[in-house]
Amino acid sequence: MERLERTFTVVNSLGLHARPAAMVVQTANRFRSDVHFEKDGLQINAKSIMGVLTLAAAKGSSVIVTCEGQDAAAAMAAIAKVFESGFGER
Amino acid sequence: MASTTLQGLPASPGIAVGRCWTVDRRRVRTPRRNIAAEEVEAELHRLESAIELSVRQLDGVRAKIQGAEGAEHLAIIEVHRAMLRDPSLVDESRRLVREEQINVEWAVKRTIRKIKGAFDPDDEFFRERRSDVDYVGERIVKNLLGHGVDVAETPPPGSIVVARDLSPADTALLFHDRKVAGLVTDAGGITSHTAIVARALEIPAVVGAGRASASVERGDWVVVDGGRGVVVVNPSAGERADYEAARIRQMEREAELARLKDLPAETVDGVRLRMVGNIEFGEEVPGLLSHGGEGVGLYRTEFLFMGRDELPTEEDHYRDYRAILEAMGGRPVTVRTFDLGGDKLPSGQKDHSENPALGLRAVRYCLRHPELFHAQLRAAVRAAAHGNLRLMFPMVSGVAEVRAAKWMLAEAFEEVVAQGIPARMPPVGIMVELPSAAVVADRLAQEVDFLSIGTNDLIQYTIGVDRQNKDVAYLYKPLHLAVLRMLKSITDAARAAGKSVSMCGEMAGEPLYTLVLLGLGLDELSMNGPSIPLVKRVIRSASAREGRELLDRILGLNTADDIERTVRSEMTRRFPGLLEGSASVGPVSG
């Protein structure tokens, strides 16, 4: 079992609002690994849109991502892509 | 029948007159009962089927609106779809059915309430998400009970939709083909999804209209005045005619301004100005272009700092500038280096000095923090390789500061080039917003490629008045003789040096001043996008000569009040109806 951890910064100006949250959840759900986000001490399941929305991460905030499971590396790579693209926004 | 007027919230401007089409969205009562142990499996199975049906319904909505003006709708439908499958909803509902042996409708209802508890009702963003969770829960419960969920009928073209409330799915289904003329809801705020969609589709809408849906029946005449938030049910023949006439006037006005979009801002005697926009975020670019913006005259980069804990990196800047340059497609984009300091500082820092307006701000702050400035300048020269970038330093007080800033720019450029990174040296300008700079504008013009007059600060510093201070705000007069003389000496200096001069303060976007600005001979006016069409209309029907004549005339007057009166009466005489709605003499920001 692999456990990976990385920190990302929210770069799009509107932050992790509803549409990006849906995108994150869709991505996380493609993998078997557990994916969790943590921000300001609050940890949530990234496969739950309700959870991701409660983070309400604004532009510039840091989110710690952990992936745990057999496909953790692939999951982390996919999540990284989503963050780095600014959720397809600016 | 007497007419009824209801006041709601102005959600989307415009006037619509049409027949009412009510959409019934009665809430369902959630049945509650305890179940026997042997019923549990059957209940769980019902839940699974209801969720599956709900997902299929949303897929259906998505398929229907696909390709239309769907982007806005699709995003929220995706969110609802993700919510339907959310473990916190599904697992908790299942747990309640199993452990507390309650029927599944009740379990869903309780779970929804619990999820909503995590969303702060006082926060606008979370308020919207709470209503999303409600819509999702309602959908599941209605499907469990076999009720219809989404609007099934299509209203006739030109209808005014009146509803207690609309789900995002309803909104998508009703409006995607743009055949509905107007919208009224009893509930909702101006930031609700329905209101946002109405604005995006330019459908006049009033939300939060209280008991609107209870006051109408299908087929009643309804007037929606979305700009004022007014709904008139069963208007008299006279009222209907008045609103109809107002609607037509408004459409003509819009059509006229829209026709102006692609026409040049050129006076009848052939003087051509460039109409550009002030922006803070890349998201403003489409709006600016839609109003006929020919470039960005002021991009306020300090907003990159707002709401974040760390300083933006060179990459942050570079990505940001490049995206704006590309979105502007070769049009000029004037990037103003950080106007930080005073009341604007990166989070965690505060200026405790006695007098921040006269303190370490803008280019002074940048020269004191070279590491921060260097990153921005590197990003600017790199981004300049991808478009028409111009660079501008704010709050310059004299020649030495320009030279210091230019020296740092040259250093950043050489460093980037030496690293083999594509770069271009952009044209360089300064903001003229301090009286000192205005007085030595002739010398400053020798140092740079362009001048840009920041009237807000120039007026404050010239008259020595803080316009936020209500005791002295009355002294803030854009047409003070000292301000006019200063503007004239700046524009004369630029012309003599053969350099272009623009204006990017609020004064530039206020049509009352347009003729005076024509008289000054500005090359470029930078304002908020929505102000462009009206100012352009004045320019296109005026001559630079009459502007110069008006300027000469007011330079001979003594008090700001006399000058203002003269300008106002001249503008009213020349452009009847133009100043309607711009209530006060002061500049209008938007």
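**Questions on a predicted two-chain model**

In chain B, residues 24 or more positions apart make up 68% of the contacts with a separation of 6 or more; contact means heavy atoms within 4.5 Å. This is a predicted model, where local features need pLDDT of at least 70, side-chain atom pairs count only at pLDDT 80 or more, and totals for chains, interfaces and linings use all residues. Residues are numbered from 1 along each chain as its sequence is written, chains are lettered from A and ligands numbered from 1 in the order written, and side-chain values use heavy atoms, without hydrogens and water.

Biologist: What percentage of the residues in chain B is buried?

Modeller: Buried means under 20% relative accessible area, exposed over 50%, and partly exposed in between (1.4 Å probe, protein chains only). Chain B has 590 residues. Its buried share is 52%.

Biologist: How many helices and strands does chain B have?

Modeller: Both are DSSP runs, numbered from the N terminus: helices are H or I with at least four residues, strands are E with at least two. For chain B the count is 22 helices and 17 strands.

Biologist: What area is buried between chain A and chain B?

Modeller: Interface size is often given as the accessible area lost when the parts come together. Here that loss is taken with a 1.4 Å probe and summed over both parts. On the contact count, 20 residues of chain A meet 27 residues of chain B. Carbon and sulfur atoms give 64% of the buried area, which is about 1,900 Å².

Biologist: How many residue pairs are in polar contact across the interface of chain A and chain B?

Modeller: A polar contact is a pair of N or O atoms within 3.5 Å; within protein, one must be able to donate a hydrogen and the other to accept it, and residues adjacent in sequence count only if both atoms are side-chain atoms. Residue pairs in polar contact, both at pLDDT 80 or more, number 4.

Biologist: Which helices of chain A each supply at least two residues of the side that touches chain B?

Modeller: Two elements meet that mark: α1 (18-28) and α2 (49-55) of chain A.

Biologist: Are the rings of A:F8 and A:F83 stacked or edge-to-face?

Modeller: Rings of Phe, Tyr and Trp (its six-membered ring) pair if their centres lie within 6.5 Å; planes under 30 degrees apart count as stacked, over 60 as edge-to-face and the rest as tilted. The rule counts 6 aromatic pairs over all chains. For A:F8 and A:F83 the centres are 4.9 Å apart and the planes at 15°, so the pair is stacked.

Biologist: How many residues apart in sequence are the parts that A:F8 and A:F83 tie together?

Modeller: A:F8 is buried at 4% relative accessibility, and A:F83 is buried at 2%. A:F8 lies in strand β1 (residues 2-9) and A:F83 in helix α3 (residues 72-84) of chain A, so the pair ties together parts separated in sequence by 75 residues.

Biologist: Where is B:N234?

Modeller: Most residues other than glycine have a negative phi. B:N234 is not a glycine, yet its phi is positive, about 50°. B:N234 is buried, at 13% relative accessible area. Its place is the loop between β8 (230-233) and α9 (237-260) of chain B.

Definitions and conventions. Buried area = accessible area lost by both parts, 1.4 Å probe.
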